[in-house]
Structures are given as C-alpha cells and as structure tokens.
Amino acid sequence: MTGDFLLENRYHYLNNKVIYKYLMKYCKKCVYPMISVNLILDDEGICSACRLQEEFDMLTEEFWEQRRKKFIELTRWAKSKSTGNYDCVIPVSGGKDSYFQVHKVLEYGLKPLLVTYHGNNYLPEGQRNLDRMREKLNVDHIVFGPSIEILKKLNRGCFEIMGDMNWHAHAGIKTYPMHIAVKFNIPLVVWGEITWTISGMFSANDFVEYNKRTVFEHDMRGFTTKDMLERIKGLTHKDLVWLTMPSDKEFEETQTKGIYVGNFFKWDPNIHAQEMKKNYGFEFASQPFARTYRTMSNLDDMHENGIHDYLKYIKFGYGRATDHASKDIRSGYLTREEGLEMVRKYDHIRPQDDLNRWLKYVRMTEEQFDHIADSFRDHRVWWVKDGKWWKNNLWGDCSAYEDVKLEKDKISKYIRQ
Ligand SMILES: [Zn+2]
C-alpha cells in the first residue's frame, strides 16, 4: 500500500466495509497516528513530518549562512521602508519562541514593537515571562486584552461550535498584530516557527510567508467572526473587530509583510528555551502538567496543556504528549520507546482540576461538557462497546477508556461489526 493510496483514501474499504486498522496506523519513527492533520505515511511507514525533519537535518552550515544573509537583506528592506518609530512588529505570547524572535531581531539591529493578544488565562509563570520582556529585552510592548465577558462567551461558544475553547487565541494572535502593523505603517511582522512543518506540508525551499489564506484555513480553521456572531448570543460586530483581518487594500497600501524567523535560523525549541532561560531569566512551569512532560511550552494559557488538549485527544485520539514526544524523537532528545512511554502515561489523562476551573469560568456543568465533547469524537478513531469508548493504541492492542455520554440516537456510527 503506497503513501499516495493512503493520502487519497482516508477511508479504506474491503467489500464495502471500512478497514479501520489502517486509520490508526502510526509512524514507525515518531509516535503520530496517520489521521493527525495532513499527515501521510510513505512506503516505509515514516510520516511526512519526520521526512521533513530529515530534510532539515541535512541542511549544511553553508545553507544557514546563506539564509542569514537573506535575513540581513530583509532587515535592510524593513529599515528602508520604515517611516515611524518601529521597523517591525513581533507578535509575542511571552513564550520561549517569543524571546527567541525578539533576541534575533535585536541582534540584527531592528527596532521592534512587541504586540500581545492576551486571552486572560495566563499561568503565573507565563505572565511573569511576558512582563519580563520589556525589562530584559529593552523593548516597547502593546498588550491587547478583549473584555473578559466577551472572552468567556467565545470560550464557551467555540467549544460548542467546534470543540475548541481556545479558537479566539489561535485567531487573535494572528489577526490583532497585523492591525497594529497596518495602523502604524510598520513594514514587517516577524513570526517564529514555521508552524505547518508539523504536518510536513512545506520544505525549507518554500519560504513560507504569512498570508490571509493560511491563517483562515489553518489558524482559524475556516471559521470567521460571521460564524461567531450567528451562533453565539450577545456578541456584536464591534465586539469582534480585532478578530477580523485588515483589508487587502490596507495591506497593499502599507506593503506590510509577515515572515517567519524559522526560515532563516535553525529551529530547536529545546536549545532556544535553555538559551532564553540563561540570557533573560525565562521561566519554565513550576508545576508539572497533567497531560505532558514538557514544562517549557504553552504557559500563556493554563487550559492549553489541560482541557483544551484533552479535547484534541477526544476528537482525534492523541494529545500534546504525542506532539511533544514526536518532536523530541525527531530531534534526538527521546528514543521512540521513551516517547511511547510518554504517550502511554499522559495522552489519556482527564485533567480534572483544569476542567473544573474552566467549567466555573464559563458557567457550564460537567454533564453538559461531556455530552458536547463526546459529539466531537472521530468515528475513525473511536468505537463504542459495552458503554465505553474504545480505540487502538500506539503499543499495539486496543483499550476501553471513558464511559459513553453521547445520546443513544447518535451512537450508531460508532458501532463496529
Ligand atoms: Zn513520524
């Protein structure tokens, strides 16, 4: 069975019956299941993201030197276009990547304006990291925080609409900084990692830039403020202007463009985090997370590694421990066996304390939550037997997990013969 066949046939049929065993096939090198977003396995059973990492690992020092020179050209262009106080905007959450972006931009002599979308659920360590940037990096910083009531409505509403309470944050960090850049006529917006490498969609030679289409399709998952206004009560257009994009006309007039630092400098989050800790006092989480072993990521939202991630597991059968382990296996920080143990330990954990906090925040009962969450389960991953949710495991067998809370009339598609 070839990679092309798997790509074109997300469902596999034999005598008109779906062959489910192919759907939860895992990469032989990392720990990703095949159905994760845009992932394909090749003839050797290796996923596209692992293959892309191999491609990046082959890049020579000479290659990166050429890229560094291109970055210098870009900084010259930004300075020549800059008419106000700032040469570039850097969207920052205060995480390790944010520090690295600012660090690089300062190293090459640009005057940045930092812009933060604040979703109101920072961990204390994350908030301190964010506040520390102005002091340690000697930069100006705009923090935008929507009304708490609006954020609560978006949290609850987006969970109901798409099973993702943090959609506002994924969208807000991509839209709001562009408004600031356009408003103040700032030519360049400097993003961090090329986020789509996770699915192996782009190679080093694609030179991916920020564009409205990828933000709409990837970060906003095809949803817009129109969907929010139609489906969430008590929101007006004026409440959500920050969630829209600047118009094409505004982009054309200012010629603002968004680039990714990951295109110009070698990207290793583990090394960046240690360097940022040493140079600027970047803090890791002081308490371990319930659902992953890494303590350096996602400190800007306490639910990101908690109930938000648990929903990904409910939907697609894998969680952040799988993401982190896959990245760490590819970079040589974990063996596949060690990564597998992380997945076995963390992926299925229900983060009860984190869930309780979120339910109180948005005024929802746990029963309502379970009922809605179950409706998002992917029937390619989960099946129902004896009142329990079952799925295939990375380590070869299948197991029963939580009790089924879904209404009886919606269960038929989860029954396997
Ligand atoms: Zn892989």
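How many bridges join β3 to strand β4, and in which direction do the two strands run? Before selecting them, note that this is a predicted model, in which local features need pLDDT of at least 70 and side-chain atom pairs count only at pLDDT 80 or more, while totals for chains, interfaces and linings use all residues. Residues are numbered from 1 along each chain as its sequence is written.

Select residues 88-91 for β3 and 112-117 for β4: four bridges join these strands, which run parallel, where pairing requires that DSSP finds at least two bridges between two strands. Within this pair, V89 stands opposite L113 of β4. Both faces of β3 are covered, since C88 and I90 on one side and V89 and P91 on the other are all buried; a residue is buried if 20 or more other C-beta atoms, placed from the backbone, lie within 10 Å of its own, exposed if 12 or fewer, and partly exposed in between. In a regular strand the side chains alternate between the two faces of the sheet.

Now show the whole protein, which has 16 helices and 10 strands, these being DSSP runs (H or I of at least four residues for helices, E of at least two for strands) numbered from the N terminus. The radius of gyration is 22 Å, close to the 22 Å that the globule rule gives for 417 residues, so the protein is as compact as a globular protein of that length; the radius is taken over C-alpha atoms, and the rule is 2.2 Å times the number of residues to the power 0.38. Buried residues make up 39% of the 417 residues.

Next, select helix α4 (residues 96-107) and helix α11 (residues 269-280), whose axes come within 9 Å and cross at roughly 70°. Axes are lines fitted to C-alpha atoms, for helices over the stretch in contact, with angles running from 0 to 180 degrees between N-to-C directions. The two helices are therefore roughly perpendicular to each other, a label for angles of 65 to 115 degrees. K96, D97, Y99 and F100 of α4 make the contact with P269, H272, A273, M276 and Y280 of α11, contact meaning C-beta atoms, placed from the backbone, within 7 Å.

Finally, pick two loop residues. N138, in the loop between α5 (124-137) and β5 (140-144), has phi near 55°, a positive value in a residue other than glycine, and counts as exposed because it has 9 C-beta neighbours inside 10 Å. N185 is found in the loop between α7 (167-183) and β6 (188-191); its phi is near 55°, and with 15 C-beta neighbours inside 10 Å N185 counts as partly exposed.

Conventions:
Parallel < 35°, antiparallel > 145°, perpendicular 65-115°, else oblique. Contact = placed C-beta atoms within 7 Å.
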